[in-house]
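Reader: I would be grateful for a close look at one helix in this model and at the packing and aromatic contacts around it. Please treat the matter in one connected account.

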Amino acid sequence: MTPSVQALVLVGGKGTRLRPLTLSAPKPMLPTAGAPFLTHLLSRIREAGITDVVLGTSYQAQVFAEHYGDGSSLGLNLTYITEEQPLGTGGGIRNVYDALTADTVLVFNGDVLGGTDIRDVVQTHRESAAEVTLHLVRVKDPRAFGCVPTDASGRVTAFLEKTQDPPTNQINAGTYVFNRSVIGEIPSGRPVSVEREVFPSLLAQGRHIHAHVDDAYWRDMGTPEDFVRGSADLVRGIAPSPALDKACGESLVLDGATVGRGAVLIGGTVVGRGATIGAGARLDGAVVFDGASIDAGAVVERSIVGFDARVGEGALVRDTVIGDRASIGARCELLRGARVWPEVTIPENGIRFSTDV
């Protein structure tokens, strides 16, 4: 039986803003509150009753199939379509056209953490009889985003790039509902942007693009700051996910991890499988990947510590990304957006902001 609604998740990006973590893994596969980030999105899709999902892959495409297989472990039927060269959002959607069998196709960006009930967006699409429906969220400061004004009926009237004086606080949240026939109209075989080309072209033709607007939880997980905050929000129950049994409180310590005496874990901290937290360490909003170790008395705040990396005794790591298998020496201080590449070793006292050692 042909499904009435299919989902397409675009996961082809290189995640350059999250380097060095994405040198070894695609961004949607990075551990987030105990599971690959993509698992939280796929679980939301499944919860909405949609079981037929296409993954549009490119960068490190094999990693997705190796982890999820046919999708049956999540109650899904997964199909993988790989871009041989980057095609942009519109080109990526067009590239999977032949794998789409449903008349209604839900499209997700694979790096957005959201709390909207997917069924509500589909219902808006059907009730409005639109050809394309966009999920929009209201934000306090829309200047950093593309703004999407609508008329009184909810119909989209324009697409505006980032501007210092936006006419609306409604921004594109990266979830779309397409009639399959519209996807077939997107030019094939070349890069295409939905925001800059497809949607403006449809509006210029007088076609019906509708908006589903809400104030639900929404975060683009593309930067280290947002990744840390999104992970913490999942742990603390601020961001909903069917992949988590319940809100974990101030921290989530995964199987096989050990936490030393007097260590403090707060702010939605995640301690990965097999990781070790030393006595008296303080972790506040930290994301510690599997196998990493934080030695005694170290402080890690709003930072990501990669697979099998080490933070030495008494070190201070704040607003920093530490790559896989890197080693930060005792009493080092890494602050303000520092990034340590994989397998780099910094000797004790090797980097300091303080004058005392």
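In α6, the residues V194, V198, F199 and L202 are buried. They lie on the same side of α6, because the arc they cover around the axis is only 85 degrees. An α-helix has 3.6 residues a turn, so residues three or four places apart point the same way. The face of α6 turned away from this buried side carries R196 and A204, which are exposed. The model is a predicted one, and the description below should be read accordingly.

The cover over the buried residues of α6 includes α3, β8 (132-138), β9, α5 and β10 (209-214). Helix α3 (residues 88-95) has its own buried residues, namely G90, G91, G92, I93 and R94. These pack against α6 (194-204) and also against β1 (5-10), β6 (104-109), β9 (170-179) and α5 (180-183). After α6 comes G206, whose phi is positive, near 80 degrees.

A pair of aromatic rings is described by the distance of the centres and the angle of the planes. For F159 and F199 the centres are 5.1 Å apart and the planes stand at 20 degrees, so the pair is stacked; planes under 30 degrees apart count as such. This pair links distant parts of the chain, since F159 lies in the loop between β8 and β9 while F199 belongs to helix α6, 40 residues apart. F159 is buried too, with a relative accessible area of 18%; the cut-off for buried is under 20%. Together with Y176 and F178, the residues F159 and F199 form one aromatic cluster.

A further ring contact involves a charge: the charged end of R180 sits over the ring of Y97, 4.2 Å from its centre.

For comparison, another aromatic pair is formed by F289 and F307, whose ring centres are 4.9 Å apart with planes at 50 degrees, so this pair is tilted. It also links distant parts of the chain, 18 residues apart: F289 is in the loop between β18 (287-288) and β19 (293-294), and F307 is in the loop between β21 (304-305) and β22 (310-311). F289 counts as buried at 1% relative accessibility, whereas F307, at 25%, counts as partly exposed. The count of aromatic pairs comes to 5.

Definitions and conventions:
Residues are numbered from 1 along each chain as its sequence is written. This is a predicted model: local features need pLDDT of at least 70, side-chain atom pairs count only at pLDDT 80 or more; totals for chains, interfaces and linings use all residues. Side-chain values use heavy atoms; hydrogens and water are left out. Buried means under 20% relative accessible area, exposed over 50%, partly exposed in between (1.4 Å probe, protein chains only). Helices (H or I, at least four residues) and strands (E, at least two) are DSSP runs, numbered from the N terminus. Contact means heavy atoms within 4.5 Å. The arc is that of the directions from the helix axis to the C-beta atoms. Rings of Phe, Tyr and Trp (its six-membered ring) pair if their centres lie within 6.5 Å; planes under 30 degrees apart count as stacked, over 60 as edge-to-face and the rest as tilted. A charge sits over a ring if NZ of Lys or CZ of Arg is within 6 Å of the ring centre and within 35 degrees of the ring normal.
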